[in-house]
Amino acid sequence: MITSTCRNLTFETIEPWAGLKRAMELGQAGIIREVTDSGIKGRGGAGFPAGVKWNLCAAAKDPLKYIICNADEGEPGTFKDRVILTDFADLVFEGMIIAAMAIKATEGILYLRGEYTYLREGLEAQLLALRVNKKLGENACGVKGFDFNIKIRMGSGAYVCGEETALIESLEGHRGEPRNRPPYPVNTGFNGHSTAVNNVESLAWISCILSKGSKWFSQHGTEKSTGLKLFSVSGDCDKPGVYELPLGITVAELLVEVGGSNAKAVQIGGASGRCVPAIEFDRKIAYEDIPTGGSVIVFGPGRDMLDVAQNFLEFMVEESCGQCTPCRYGNPTLLEGVQMLREGRCSAGYLKELVSLGETIQIASKCGLGQSSANAFLSIVKHFKEEIMGRAIGDA
Amino acid sequence: MSEKSIFENISRAPTSQRASEIEAGPKGAIGGTVSVTIDGEKMKVPLGTTILEACREMGVHIPTLCHHEDLCIAGVCRMCLVEVEGMRTLQASCAYPITAPISIRTHTAKVRRARRHIIDLMLKYHYGECYACGRNNNCELQSLAKEYGVDYFRFGHPEKPMYEIDRSSHSVVRDMNKCVLCRRCVRTCIDLQEVGVLEAIHRGEKTIISTYLNKPLGKVVCINCGQCINRCPTGALRANDPTDEVWAAIDDPSKHVIIQTAPSPRAGIGECFGLEPGTPMTYQMNTALRRCGFDKVFDTNFTADLTIIEEGSELLIRLYKALVEKDESVALPQFTSCSPGWVKYLEHFYPEMIPNLSTAKSPQQMFGAVIKTYYAKMHNIDPKNIVTVALMPCSAKKFECNRPEMCDSGFKDVDYGLTTRELGKMISEAGIDLPAMPKSDFDDPFGTATGSGVIFGATGGVMESALRTVIELVVGCKVEDLFDHADIMPVRGFDGIRYVELKIDNVGPVPSIVSHLVPNWDWLKGATLKVAVAHGTANAKKVLDDIKAGGKFSECHFIEFMACPGGCLGGGGQPIPTTPEIRAKRAEAIYAEDSACEVRKSHENPAILQIYNEFLMEGPCGHLSHKLLHTSYTARGKYIS
Ligand SMILES: Cc1cc2nc3c(=O)[nH]c(=O)nc-3n(C[C@H](O)[C@H](O)[C@H](O)COP(=O)(O)O)c2cc1C
Ligand code: SF4
């Protein structure tokens, strides 16, 4: 049932610009219908249905609209967007042009992760070629009155800037801090205008959907999580890399595929994801069960789970924008607790307080970063309590 | 337009720190209402109302910290979280506009736990003990801890300070150890004042509020208005407190200690003693000051009247030069100069417009100079033994009295600037129950001030006073003939910017007090006097930009600027908290005092006539006036070394 493995991706088989051609035939409403029918949900992590997002944008009465491609890929353990931008950037640009037709966007922005600066030159060259070929610019793609261009803006290394409203703040020249929502970017986005933010992979798949049809896409995956998805697999496995797999696959099936069957646990969704213990390997990777933006980190039998918890918490402490209280102060408090655990100084009672604090951080933080920052810690405490509590005093 | 909506319109704060306007504009604009269920009770609210507003409307208390009525919505402290049915995460009620029917629970287990955790976390990072803090019993963090029954430090408490206290500014002291990062100061400085000295830097746990390159506050473009102090929920920002020095002077028998009191503190100080905002304490305060040990209690309103005469004369000179002598070098409109926050704002951000600033000193500084010369001579006291203290609603006055040029009497004209809050503390320290004090008057020879001096405390007050005098001097009729009860209503109110035109149909003879300045008024006959009023430097900026662009304000003759929203009554030295409502009540007290004054026009103040007869004998803007009552300014610019 597994369709393909590393470097054997659907994207390689797609006829260039066939999706765009079909999109032009379908027109605005048709494109949105096709995307909605495919059931595709955002591949950036949050899993919002792309068709619904575009519909909201299309409905917004705003003469200026933007389509932003989120290429800030900062989740620890993901590198699938990098692969796509390296080998299939035209699919992404095609997806952005299709998006622009669907929502009537006037400008596209590719927000590129600072660490991917080395990709910029190549991407700019590709964009230039598209302008020369009149796919971009005035009357783009030969459609009269469709003026659309794409420019590249660089991020500068803040994980939180992958969060769409922080990304927009950063584009506007402010500190990268998430906004209050509502209002949502579809209504009040970049410079106050209606904005669709889509992940690199989402846009690439949309080109495929337009080219091969929504039915082709939705035959893969589950009812609530249709389609194929790229996974960035790393950690203690034989064959790390980028995999294309259908959503709904179980953790166990994935482990077989990547050669990690003896794993003790798997972190799904990166630092903001969850740590799945071996007893739960029959669970599905899908929006309705274990959602993910694509990061899969395998932990072999020798891994110290307290190290794992510490590692992810250190990341969150470092990357919190510092705006809201629960995330700014809560995560360092959890991290301090990990240190206490390490030194055998954390009582069962205090651990309970920390778990309770972690649950507050999940529901009280302003943005998705804080809301998911305690996930890894909480799931490790839940599933590996004996391992992490078992430290003798002075065992650090 | 309410004060608040004006500030909202000009918000420069990043959207992450700004109110969530719903797509169709301000709330209620689309019309229609939406139903909300709060803890099981149903009600209807205008579309776009926030959950917090709806809860308040229904009388449900929601704790807040980063929320402030004057400021845009940040949604960062997360104290006001509530549970919204159907949503996984809790929602910040201050930042959630209701656009569809919703059901809210305000005190579920999750909500209570989250709020308690937030307080616990703030306390984990908040260094200091409540009993050793200037904001003891007036601290929002302390109140929240009490409200939520905090009786131990769940996640610990700092044992050592992390940051050095910044005492570099004459006006504002910053102690970041007590900061809870609500960012009200940031929003105040950017939005209300358009100064932008404060901003958050670093990320996560290392986030702090900083100045440019973390330079000391005394070295950056801070205008000392202290609006951030008034909005700080904790003791992280406070005024530079000279009470120890003032007590030392009082305790020194060789010193003759004089206090002058500005109009706004008397309208606010009752709040320090649990009275309703707007309870006037003028005469009880006089008694309390004497009991504290001040040798003389004078009314700054005397020099407010003097300011009107000097500044008004200066305006007449400028107008005469411009209109009659066609002197193109004359800078018009003339700007008022009594708000030291505003003066420093102009020096930093619009130094090229310094020529427009009236050279007249502020009433505080005029008083200092008059006391150490005229009064000292009159009473045969060696000025070096006189200590002058100024009770002001203002933190910028502390900087102003320390300006090196403010020594025209040969001594430091004003020794200490004391805020309303600091005097409240001194009075308490002396064991005096202010509201219970018998009433007593100000001391002579400056005792009888006018209503014009009193209204200097409210935005528009200087303009109204000036107009009362100019109308009578020029037109020769009674102000009452033109405005009922001499209340010049068009310049009153809280709109951020007001513009008024006054046609001068008739002119009278030139009264003797200004007869040395102009031969007659004929040149003003038929002219239209154009004046404006702006308060809050964000509004000042709008007016200045308009002038630079040659807009309608460039045709004004005279503009009153106040750095603080609401004018002095909303100053950075006034009791905390401040809200539009509190400021409105203080304004009522001020206008009531004006209304009750026997003499309400500066030029009719007998003490003023006397000082020009006995001391400033060359008249307004004469030689001695210039030496003692006028000053010069420094083009500071925005760029700091
Ligand atoms: C802390 C944080 C980091 C994020 N980083 C990324 C990212 O690097 N790339 C991305 O596409 N989406 C990221 N997201 C999700 C975006 O906010 C947004 O949901 C997404 O770009 C929407 O695109 P999609 O619907 O196509 O997935 C992040 C979210 C959070 C809360
Ligand atoms: S949850 Fe964290 S990253 Fe998000 S706004 Fe709050 S402090 Fe910033």
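Predicted model: local features only at pLDDT ≥ 70, side-chain atom pairs only at ≥ 80, totals over all residues.
Which residues are the closest to ligand 2?

The closest residues are Cys321(A), Cys324(A), Cys327(A), Cys367(A) and Gly370(A). They belong to a set of 13 residues that surround ligand 2. Sorted by class, that shell holds seven nonpolar residues, five polar residues and one charged residue.

Let me turn to ligand 1. Here 19 residues form the surroundings, and the closest are Gly44(A), Asn70(A), Glu164(A), Asn199(A) and Ser202(A). The class make-up of the shell around ligand 1 is four nonpolar, nine polar and six charged residues.

In the case of Asn199(A), an N or O atom of the side chain is 2.6 Å from an oxygen atom of ligand 1. In the case of Gly44(A), the backbone takes part: one of its N or O atoms lies 2.7 Å from a ligand 1 oxygen. The backbone of Gly74(A) also supplies a polar atom, at 3.4 Å from an oxygen atom of ligand 1.

The largest share, three residues, comes from E4(A).

I now move to the contact between the two chains. On one side, 44 residues of chain A take part, and they are in contact with 47 residues of chain B. The size of an interface is often expressed as the accessible area lost when the parts come together. For chain A and chain B, the buried area is about 3600 Å², with 50% of it on carbon and sulfur atoms.

How many salt bridges are there between chain A and chain B? The count is five. One example pairs Lys124(B) with Glu336(A), whose closest N and O atoms are 2.8 Å apart.

On the chain A side, at least two residues each are supplied by helix H11 (305-319), helix H12 (325-342) and helix H13 (348-364). H13(A) gives the most, with ten residues. By class, the chain A residues that touch chain B comprise 16 nonpolar, 15 polar and 13 charged.

In chain A, the bond from Pro182(A) to Pro183(A) is cis, and its omega is near 0°. Pro183(A) is placed in the loop between helix H7 (164-171) and E4 of chain A. E4(A) is also the strand that gives three residues to the shell around ligand 1. In chain B, Asp444(B) and Pro445(B) are joined by a cis peptide bond with omega of about 10°. The loop that holds Pro445(B) runs between helix H14 (420-429) and helix H15 (451-454) of chain B.

Positive phi values in residues other than glycine deserve mention too. Lys104(A) has a phi of about 65°, and its position is in the loop between helix H5 (89-103) and strand E2 (107-112) of chain A. For Leu213(B), phi is near 55°. Leu213(B) is located in the loop between strand E8 (208-210) and helix H6 (227-231) of chain B.

Methods. Residues numbered from 1 in each chain as written. Chains lettered and ligands numbered in written order. Heavy atoms only, no water. Near = heavy atom within 4 Å. Polar contact = N/O pair within 3.5 Å; in protein donor to acceptor, adjacent residues only side chain to side chain. Helix = DSSP H or I, 4+ residues; strand = E, 2+ residues; numbered from the N terminus. Nonpolar A, V, L, I, M, F, W, Y, C, P; charged D, E, K, R; others polar. Contact = heavy atoms within 4.5 Å. Buried area = accessible area lost by both parts, 1.4 Å probe. Salt bridge = Lys/Arg side-chain N within 4 Å of Asp/Glu carboxyl O.
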